[in-house]
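Here are my notes on one helix pair and on the pockets. Please read them with the structure open.

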Amino acid sequence: MRTGLSRYLLASILALSPVTLTQADELPVIANSSATISLEQEFQLGRTWARLLRGQVPEYGDPLIVNYIDSLLWQIAANSQLQDHRLQLIVLDNPVLNAFAVPGGVVGINAGLLLGAKDEEELASVIAHELAHLSQRHYAQQLEESRRNTPLMLAGILASILVASADAQAGMAGITSSMAAGQQAGINFTRRNEQEADRIGMLNLVNSGFDPYAMPRMFSRIQRSSRFLGQKPPEFLLTHPVTESRIADAENRASQLPKPAFKPQRYDFQLIKKRVEVHYASDIKALIKAYQESATSNPLSRYGLALALMQNREYTQAKSALDGLPDDLKQHLYIRLSYAELQMAAGEPKDALQRLELLSQIYPDSYPVLQLYAKALRANNQFKKSARILTSLSQQYPANSYIWYELAEAQGLAGNTLGVHEARIEYFLLIGATNKALRQIDFAMREKDLTSSDIARLEERKREAETIRDQIKNSL
């Protein structure tokens with residue numbers, strides 16, 4: 001009987017549903033499920049599932065957005081009950097409002113979630129809920145329950161989750177039919193997990209400095225949006241609908257929790273949201289017109305206008321829009337990076353490089369700064385330096401497939417053939433393409449002038465790639 005990955009994907013169903021709150025104030029004792037599955041087993045299963053996901057759906061490559069969500073994730077994780085902090089974020093290039101978490105610390109966020117949230121606190125409320133699923137090890141608690149259900153149902157859930165990441169309507173239809181085949185007891189158990197994740201998530205939200213009312217506000221927003229979406233409601237609503245009573249329960253719990261101290265206005269979330277809006281615009285000219293109507297009085301609309309004009313290749317007008325932003329906002333890192341992006345797009349790579357060299361000195365540890373700096377170096381034919389920066393980033397973010405892809409390109413331009421193969425090996429392993437990774441290892445082993453350490457490193461990577469291939473094969 002095939003189990004493995006198909007079993008724990010049931011945990012993803014939990015994360016697709018909206019959340020409710022219970023009345024208990026104390027955090028529960030995490031169930032001792034070590035006899036069923038260990039934290040290390042969860043970690044390995046999660047990494048296998050992440051490889052499959054990356055191979056099925058596109059990731060969102062914008063370094064500003066990935067870095068922003070990652071920072072928010074770690075801010076909340078620091079106040080969670082997680083026993084294993086080896087988290088891995090995957091931002092999917094999907095406009096559908098959705099987020100999920102699977103065992104092993106894998107957190108998935110659709111870029112569309114930023115479009116559905118009004119502010120950073122609402123986005124944080126969803127992340128807090130997902131982390132609560134992980135900290136309470138709901139998969140381990142459900143494993144015995146899931147064994148009573150048919151393996152075919154669980155295998156169907158696996159396939160449906162992957163499909164849902166690319167096609168929400170088709171995937172969730174598959175999930176619905178798979179869940180219909182399960183026992184009612186299993187469904188009820190899922191609901192208890194959801195309630196627990198809501199309660200703990202709200203407490204962690206407050207401990208992270210956010211307004212507890214953000215969670216019921218987000219529920220209300222999801223509920224209202226579903227009334228206007230016809231056959232495509234948010235994925236949260238396709239498993240457990242948000243009812244008025246659930247929202248009322250959330251508001252009641254929020255009223256019992258302290259509100260955070262006043263925080264000055266930050267533009268981070270709203271600026272990031274504008275980038276997502278432009279990215280998913282189906283009619284860029286219509287969006288430009290909409291932004292123009294409020295750009296004079298609203299600096300966020302002006303920033304959106306600059307991005308939309310840039311995407312429409314109207315570079316002179318885009319610069320004018322950025323120049324018209326308030327002076328204090330123009331000092332924001334996102335705006336300064338947007339100027340560099342504009343210079344790159346407009347065919348001014350030397351000016352972009354000069355700007356990014358300065359920013360790299362001010363923000364030497366910033367992922368988006370270094371990512372764009374490496375891009376500007378490559379545009380200025382400084383391939384080896386670009387490759388060095390990307391190599392450093394790959395060591396800091398080894399699970400970022402975008403970095404490995406860019407590094408392979410930079411190494412090729414720098415004439416480092418072995419470096420090309422090794423970067424491609426890591427990229428293919430991250431997306432679950434193990435046969436392609438093994439082929440790259442074979443190519444690398446044929447290179448001339450390999451040192452003994454090169455050969456030993458490649459042989460070790462080959463063994464690891466074969467192990468990953470077997471893990472994927474045995475899990476399906």
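**Notes on the helix pair and the pockets**

1. In this predicted model, helix 21 and helix 22 are in contact through F383, S386, A387, L390, T391, L393 and S394 on the helix 21 side and I403, W404, E406, L407, A410, Q411 and L413 on the helix 22 side. By class, the residues of this contact are 9 nonpolar, 4 polar and 1 charged.

2. The largest pocket holds about 790 Å³ of space. Its lining has 32 residues, and R54, Y397, A399, N400 and S401 are the closest to the centre. Two or more lining residues come from each of helix 3 (39–56), helix 4 (63–77), strand 1 (88–92), helix 22 and helix 23 (417–430). The lining of the largest pocket divides into 19 nonpolar, 6 polar and 7 charged residues.

3. The second largest pocket holds about 650 Å³. Of its 24 lining residues, D62, P63, R275, E341 and K375 lie nearest the centre. The lining of the second largest pocket comprises 12 nonpolar, 4 polar and 8 charged residues.

4. Which element gives the largest share of the lining of the second largest pocket? Helix 18 does, with 5 residues. The elements that give two or more residues to this lining are helix 13 (268–279), helix 15 (299–311), helix 18 (333–345), helix 20 (367–379) and helix 22.

Terms used:
Residues are numbered from 1 along each chain as its sequence is written. This is a predicted model: local features need pLDDT of at least 70, side-chain atom pairs count only at pLDDT 80 or more; totals for chains, interfaces and linings use all residues. Side-chain values use heavy atoms; hydrogens and water are left out. Contact means heavy atoms within 4.5 Å. Helices (H or I, at least four residues) and strands (E, at least two) are DSSP runs, numbered from the N terminus. Ala, Val, Leu, Ile, Met, Phe, Trp, Tyr, Cys and Pro count as nonpolar, Asp, Glu, Lys and Arg as charged, and the others, Gly among them, as polar. On a 1 Å grid over the protein atoms alone, a cavity is a set of points where a 1.4 Å probe fits but cannot get out, and a pocket is an open set with protein on both sides within 12 Å along at least five of seven lines; lining residues have an atom within 4 Å of a point. Grid points are joined across faces, edges and corners, and a volume is the space filled by probe spheres set on the points.
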